[in-house]
Amino acid sequence: MIGFRPRTEVTLMADPFALLLLHLRKKAGRSQEQQADAVNAASGRVTVTRREISRYEQSETIPTNHTLGHIAVACGVPYEELLREAKAARTRRAQARRRVEQDEEDMKRRTVLEGAVVGVSAAAAEPWGRLAAALRRGTKVDEPSAKALIDRAADLHIQELGLSARLLQHKVESHLDAITAVLPRAGEHERALTIAAGETAALAGWVAWDLGEHTKANAYYKVTSECASSTGHPPLRALALTYASYGSHAPQRKLGLLRQAAQDVRGRGNAAAAAWIHGRYAEEAALLDNATDALQALDRARFAYDFADHTSEQAWVRFVTPYRMDSLTLSVYSQLRRSELAVTANDAIARLGNGLPDGGVVVLGDLAVALLRGGNVDQGLDVTRKFATSAHAKPNTMGKERARAIASLLPVADRDLAHHLRQLAA
């Protein structure tokens with residue numbers, strides 16, 4: 001497989017295929033103009049310019065398959081591998097374009113309830129229109145509209161698996177505004193809508209934390225806890241506390257938040273949430289080298305997960321897949337330097353197969369750390385490159401933390417890849 005080793009001239013958001021083309025040119029010791037000459041020499045025609053080489057390396061365009069063949073010859077690499085990497089790049093570009101188009105459509109459809117003017121046809125067609133019309137008439141929210149708001153809150157948690165924080169933020173905050181405007185006229189739907197508002201506020205806090213807006217994040221978590229208190233729904237507070245545990249700087253406070261969260265998800269219907277929270281506690285205890293507490297918490301997490309169904313419990317535990325449980329286990333074993341690390345890493349690789357699950361940045365990051373710490377360098381490097389691609393596709397704080405950890409474990413011979421990961425973490 002062709003690896004890429006980007007250097008400092010690459011922007012952080014460059015596509016992995018663009019980074020690969022840059023690496024191949026640098027490896028050949030050519031300037032962009034010299035690379036264009038080499039490609040033209042391979043084709044026998046003057047068809048590629050320095051500007052086109054620059055556009056390839058800046059992710060502005062992707063070479064045609066015909067041009068790829070000439071690049072492969074000029075750089076001495078297999079055409080089939082370049083073709084495969086280019087195909088993956090085109091897929092990523094198409095997915096990004098669809099996300100932007102969907103985002104624009106959401107913006108067009110979303111009604112700003114305060115001061116919005118919604119026509120009769122819009123009121124009949126969209127839940128948002130019906131809500132706005134109901135507010136202007138002073139009537140209570142009907143059941144279909146309440147359900148639409150509740151379902152939308154759940155869907156946002158599912159979208160979080162695939163969208164970056166920046167793309168998600170305005171969706172989450174706008175939906176929270178919509179529920180807030182409705183609550184005074186919620187009637188019999190007040191409790192369900194308040195829980196949905198709390199779930200949305202928690203996600204808004206998580207997104208804000210990911211974007212470095214820590215004061216805002218804490219304010220949202222506080223609102224979520226207030227929603228939990230007013231509805232008598234402890235799992236909602238557990239969500240806020242567990243999210244908050246990632247952002248706290250005091251290790252003992254993190255453990256305290258997670259202990260309370262674990263209390264809040266006792267009982268039926270919360271098994272996936274309990275597995276996540278106990279797994280988080282195990283991670284934090286391992287970071288403090290408290291092996292006994294960490295391993296006991298990990299056992300509790302696994303036991304809870306035996307009874308869990310992350311696809312049918314609260315939408316906010318949808319990411320607690322078997323892959324994520326592998327990730328938590330690897331994180332704990334890696335930190336404690338446990339002998340079970342190698343076997344667990346191999347099992348995780350077998351489960352992962354060739355696919356990349358939702359939340360793959362964290363999973364691949366923890367797997368790469370485990371393999372490198374366990375001495376399996378070749379496989380660790382392969383997973384690291386997959387991690388780098390995933391981290392480019394969905395940048396987030398947890399991915400940055402793992403990029404920093406992986407960079408510190410890479411061999412000296414892979415210093416360029418380490419440099420690239422440090423750029424991601426910056």
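Biologist: Where does S59 lie?

Modeller: S59 is in the loop between α3 (50–57) and α4 (65–75). Helices here are DSSP runs of H or I with at least four residues, strands are E runs of at least two, and both are numbered from the N terminus. Before we go on: this is a predicted model, where local features need pLDDT of at least 70, side-chain atom pairs count only at pLDDT 80 or more, and totals for chains, interfaces and linings use all residues. Residues are numbered from 1 along each chain as its sequence is written, and side-chain values use heavy atoms, with hydrogens and water left out.

Biologist: Why is S59 called partly exposed?

Modeller: Buried means under 20% relative accessible area, exposed means over 50%, and partly exposed is in between (1.4 Å probe, protein chains only). S59 has 22%, so partly exposed it is. Its phi is near 65°, a positive value in a residue other than glycine.

Biologist: And what makes D289 count as exposed?

Modeller: D289 has 57% relative accessibility, so it counts as exposed. Its place is in the loop between α14 and α15 (291–305), and its phi, near 60°, is also positive in a residue that isn't glycine.

Biologist: What is the span of helix α8 set against?

Modeller: The expected span is 1.5 Å times one less than the number of residues. Helix α8 (residues 143–159) has 17 residues and reaches 24 Å from first C-alpha to last, close to the expected 24 Å. Its buried residues include A146, L149, R152, A153 and L156.

Biologist: What makes the second largest pocket a pocket, and how much space lies in it?

Modeller: On a 1 Å grid over the protein atoms alone, a pocket is an open set of points with protein on both sides within 12 Å along at least five of seven lines, and lining residues have an atom within 4 Å of a point. About 540 Å³ lies in this one, a volume being the space filled by probe spheres set on the points. It has 21 lining residues, and the closest to its centre are E283, L287, S331, E401 and R402. Elements giving two or more residues to the lining include α14 (271–287), α16 (322–336) and α20 (397–409).

Biologist: How many helices and strands are in the protein chain?

Modeller: The chain has 21 helices and zero strands. Buried residues make up 52% of its 426 residues.

Note on methods: 1 Å grid on protein atoms, 1.4 Å probe; cavity = no way out; pocket = protein on both sides within 12 Å on 5 of 7 lines; lining within 4 Å.
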